[in-house]
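Please view the sequence and the model together while reading.

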Amino acid sequence: MTMNRISEKVTKSQIWRSIFRHRFSDTSRNRVLTVVSNFFLHVHPPKVHRTGLRITHTFCLGGLTFYMFIVEVVTGVLLMFYYRPTVEYAYLDMRLLEHSVKFGVVMRNLHRWAAHAMVILVMMHMLRVFLTGSYKPPREFNWVVGVVLLVLTLLLSFTGYLLPWDQLSFWAITVGTRMGGATPFLGADGPFHSVLGIRPDNDVRYLLLGDTAVGENALLRFYVLHCIFLPLAATVLMLVHFWRIRKDGGISHPL
Amino acid sequence: MGIEEKKLDDVYRDEYAFVLPDLVIKEAIAVIVASIGLLLWSMTVNAPLRSIADANKTENPAKAPWYFVGLQELLVYFDPWIAGVTVPTLIILGLMLIPYLDVSKSGVGTYRLRGRKAAASSFIFGFSMWIILILVGQFLRGPNWQFYWPWEDWSVAKSAEETLVNMSQWSGMGLLALYFGLGLTLPKLLYRKFLQKMGVARYVAAVTLVLLMYGVVVKIILRLAFNVRYILVTPWFNI
């Protein structure tokens with residue numbers, strides 16, 4: 001009785017109606033309006049084909065990959081408050097996170113495991129999109145965007161791997177970037193490197209590390225790539241990816 | 001009210017469902033389940049943190065992050081410019097080209113693979129290889145990248161030296177020519193429709209990429225069974 005009164009008062013107020021422009025009584029019109037007039041929900045069309053609703057059709061893999069990205073952004077921003085990307089402080093800050101930051105360990109664990117989960121999920125997502133033939137016309141280009149997103153996901157994970165500045169990260173990145181030095185023509189250890197006058201101090205590996213070995217410059221470069229460049233690039237491509245799903249006819253279903 | 005209900009009932013029966021609530025509720029459940037799983041994982045297992053980075057103290061084995069360990073595993077069989085650069089580049093390129101090379105229109109929106117056997121088997125083969133190489137590199141490689149079963153002790157050193165042989169110039173070139181020559185012509189001879197449907201450019205690109213993929217396995221087998229180090233040796237690069 002009084003609850004009804006209060007809720008009526010609230011929903012009829014100017015503030016409420018400035019936010020929600022329609023009623024919530026269960027009519028098909030309102031179901032459509034809720035999706036269309038909500039910024040976050042309007043990635044979705046008002047209605048979707050029932051095939052796409054079956055859990056076994058998508059296993060939510062793409063959506064969960066995106067959710068992992070959101071978890072990474074949130075925990076990543078929190079971690080940035082406690083981390084300095086220099087050889088002097090990076091490892092110390094990791095230890096401080098463990099010992100003097102409340103929930104610091106859980107925060108770091110969340111960031112690490114969500115990153116692994118994101119890589120696994122994006123791989124599985126690609127497998128399911130392949131198996132359901134969802135890359136076929138008219139969805140070809142969105143598959144290409146998806147492949148770039150897969151690569152960006154791996155690079156995001158790889159650049160983050162160096163930041164703790166422990167033995168594991170240092171040697172993993174040393175091993176990983178050594179392969180870059182083997183690039184034909186552009187790497188100092190690669191075939192045909194002398195054609196372009198490539199040396200260890202001007203090859204692609206040097207470009208990536210800012211040095212001939214993993215050190216201060218590499219740490220800073222990986223940090224900036226990890227926190228700014230790659231997340232921005234991934235965000236832009238994700239927007240394109242989601243937009244194209246709609247433009248290419250929604251989640252695939254048999255015709 | 002009655003009319004509105006009836007309308008709602010009608011739209012319910014078509015093959016399209018309202019996003020709200022039918023889809024949104026499932027997304028919400030997925031997010032909740034994922035969050036619980038992630039939290040439990042994060043509260044029970046700690047992310048690794050070893051001693052501080054030291055350029056003078058080499059880790060043995062020094063492993064790349066697990067998703068790149070498959071490529072590192074390929075280093076056993078190939079020079080770095082192939083395992084670390086050419087293979088990943090071709091994988092990315094090949095993946096991007098799939099929708100433009102696969103001309104079959106069947107199987108959209110369903111897991112049924114009928115009518116797309118060639119495409120599906122190649123993809124599944126490549127995907128499995130990716131997983132297997134990662135698993136071997138991550139769990140079965142010990143110090144000096146020697147092979148260790150999970151129950152074997154890493155502190156027991158394994159003999160590092162095997163005697164590897166290179167194929168002679170002519171047999172190497174012959175093998176490569178035979179492999180790619182047969183590989184490019186056989187599918188056309190066995191399934192005439194292939195070339196017809198795909199056109200020359202698509203056919204050559206698709207078959208070459210698939211041959212390169214199986215070629216990786218061929219090299220692995222040559223190495224494991226016959227101790228072949230290089231199929232082809234040139235002054236500039238070795239394959």
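## Basis of the report

A polar contact is a pair of N or O atoms within 3.5 Å; within protein, one must be able to donate a hydrogen and the other to accept it, and residues adjacent in sequence count only if both atoms are side-chain atoms. The model is predicted, so local features need pLDDT of at least 70 and side-chain atom pairs count only at pLDDT 80 or more, while totals for chains, interfaces and linings use all residues. Residues are numbered from 1 along each chain as its sequence is written, chains are lettered from A and ligands numbered from 1 in the order in which they are written, and side-chain values use heavy atoms, leaving out hydrogens and water.

## The interface of chains A and B

Across the interface of chain A and chain B there are 33 residue pairs in polar contact, both residues being at pLDDT 80 or more. Helix 8 (residues 104-131) of chain A gives the largest share of the side of chain A that touches chain B, 18 residues; helices are DSSP runs of H or I with at least four residues, numbered from the N terminus.

The interface also holds 1 salt bridge, a side-chain nitrogen of Lys or Arg within 4 Å of a carboxyl oxygen of Asp or Glu. Lys136(A) pairs with Asp102(B), with the closest N and O atoms 3.6 Å apart.

## His226 of chain A

His226(A) belongs to helix 12 (residues 216-247) of chain A. This residue counts as buried because its relative accessibility is 15%, the limit being under 20% relative accessible area (1.4 Å probe, protein chains only). The side chain of His226(A) reaches the backbone oxygen of Leu156(A) at 2.8 Å. The C-alpha atoms of His226(A) and Thr159(A) are separated by 5.5 Å, although the two lie 67 residues apart along the chain.

Conventions: Helices (H or I, at least four residues) and strands (E, at least two) are DSSP runs, numbered from the N terminus. Buried means under 20% relative accessible area, exposed over 50%, partly exposed in between (1.4 Å probe, protein chains only).
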